Amino acid sequence: METLRNSLTLLFETALAEEILAIKNVKTFKEGETIIDYGMAIKFMPYIISGTIRVMKNDEDNREILLYYLSSNESCSMAYSCCMEAKKSEVRAIAEDNVSLIAIPHDKLDEWLIKYPSWKSYIFNGFTQRFNELLKSIESIAFHKLDERLITYLANKAKITGKSALQLSHSQIAEEMGTSRVVISRLLKHLENDKKLLLYRNEIKLLKDFG
């Protein structure tokens with residue numbers, strides 16, 4: 001609890017940090033569990049205590065693509081927007097690993113915007129960061145070759161997990177990148193032949209010369 005209190009007081013006024021702690025609505029999710037799903041009525045905004053969440057969006061053909069990751073002390077701007085406007089979710093949020101979060105209720109979001117300057121800054125900065133990440137995703141899809149996108153994708157995974165051995169299947173990568181498993185398998189094999197990584201069953205180990 002003290003570690004969480006210290007993290008909160010670095011971001012917010014002491015009074016707001018204490019209000020967040022007083023909510024006591026902590027939810028936990030295991031790796032792979034869905035936290036927010038398409039069409040779900042959003043009644044809370046998640047403030048992440050620990051773990052990492054990946055946020056996905058599907059298209060009209062029901063293909064999904066990775067939008068961005070969220071980690072400790074961050075929140076989902078799209079969840080905030082849906083919660084404030086009483087809209088159903090247009091994204092899916094999945095626990096990348098074991099996740100613990102505080103479910104901040106709808107009525108506090110608007111109240112804190114008026115009451116606490118630090119909350120307003122936190123929310124606006126979150127929107128700006130997520131918007132910039134979405135622009136990077138769009139730029140990557142529009143202008144970068146798929147092999148470059150794959151390298152960036154794996155590098156980001158390694159950065160987030162802090163591990164060079166990634167527990168990933170070719171199908172999962174394909175789903176998150178919005179392409180086919182066959183294409184991903186071929187690109188990974190090329191990277192392995194170039195001695196950038198090693199392929200195992202549902203695991204990819206990035207080597208020193210990766211990237």
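At 4% relative accessibility, Arg-130 counts as buried, where buried means under 20% relative accessible area, exposed means over 50%, and partly exposed lies in between (1.4 Å probe, protein chains only). The model described here is predicted, so that local features need pLDDT of at least 70, side-chain atom pairs count only at pLDDT 80 or more, and totals for chains, interfaces and linings use all residues. Residues are numbered from 1 along each chain as its sequence is written, and side-chain values use heavy atoms, with hydrogens and water left out.

**Confidence**

The protein chain averages a pLDDT of 88, and 96% of the residues score at least 70; pLDDT is the predictor's confidence in each residue, from 0 to 100. Confidence is lowest in helix α5 (residues 117–143), at a mean of 83, and highest in strand β1 (residues 26–29), at 95. Helices (H or I, at least four residues) and strands (E, at least two) are DSSP runs, numbered from the N terminus.

**Salt bridges**

The structure holds 15 salt bridges, a salt bridge being a side-chain nitrogen of Lys or Arg within 4 Å of a carboxyl oxygen of Asp or Glu. Side chains of opposite charge can pair when their charged atoms come close. Among these bridges are the following.

| Glu-19 | Lys-108 | 3.6 Å |

Glu-74 is buried, at a relative accessible area of 19%, as is Arg-130 at 4%.

The side chains of Glu-19 and Lys-108 also meet in a salt bridge, and this pair likewise links distant parts of the chain: Glu-19 belongs to helix α2 (residues 14–23) and Lys-108 to helix α4 (residues 106–115), 89 residues apart. Glu-19 is buried, with a relative accessible area of 18%, whereas Lys-108 is partly exposed, at 23%. Salt bridges that share partners join Glu-19, Lys-108, Glu-111 and Lys-115 into one network.

**Helix α2 and positive phi values**

The buried residues of α2 are Leu-16, Ala-17, Glu-19, Ile-20 and Leu-21. Just after α2, Lys-24 takes a positive phi of about 60°. Asn-73, a residue other than glycine, has a positive phi near 70°; it is placed in the loop between β5 and α3 and counts as partly exposed at 28% relative accessibility. Lys-195, again not a glycine, has a positive phi near 60°, lies in the loop between α8 (181–193) and β9 (197–200), and counts as exposed at 61% relative accessibility.

**Surface patch and a sequence-distant pair**

Phe-131, Leu-135 and Ile-138 form a nonpolar patch on the surface, with about 310 Å² of accessible area together. Patches are made of residues with over 30% relative accessible area and no salt bridge, like charges being joined within 9 Å and nonpolar side chains (Val, Leu, Ile, Met, Phe, Trp, Tyr) within 5 Å; accessible areas come from the Shrake-Rupley method with a 1.4 Å probe, and for residues only the protein chains shown count as cover. Leu-135 lies in helix α5 and is partly exposed, with a relative accessible area of 41%.

Ile-65, in strand β5 (residues 64–70), is partly exposed at 23%. Ile-65 and Glu-175 are 110 residues apart in sequence, yet their C-alpha atoms are 6.6 Å apart in space.

**Cavity and pocket**

The structure holds one cavity of 30 Å³ or more, and about 40 Å³ of space lies in the largest cavity. On a 1 Å grid over the protein atoms alone, a cavity is a set of points where a 1.4 Å probe fits but cannot get out, a pocket is an open set with protein on both sides within 12 Å along at least five of seven lines, and lining residues have an atom within 4 Å of a point. Grid points are joined across faces, edges and corners, and a volume is the space filled by probe spheres set on the points. The residues lining the largest cavity include Ile-35, Ile-48, Val-55, Leu-70 and Cys-76, and β2 (34–36), β3 (44–50) and β4 (53–58) each supply at least two residues of that lining.

The second largest pocket has a volume of about 340 Å³. Of the 14 residues that line this pocket, Glu-31, Glu-96, Asp-97, Thr-161 and Gln-167 are the closest to its centre, and the elements giving two or more residues to its lining are α6 (146–161) and β8 (165–166).
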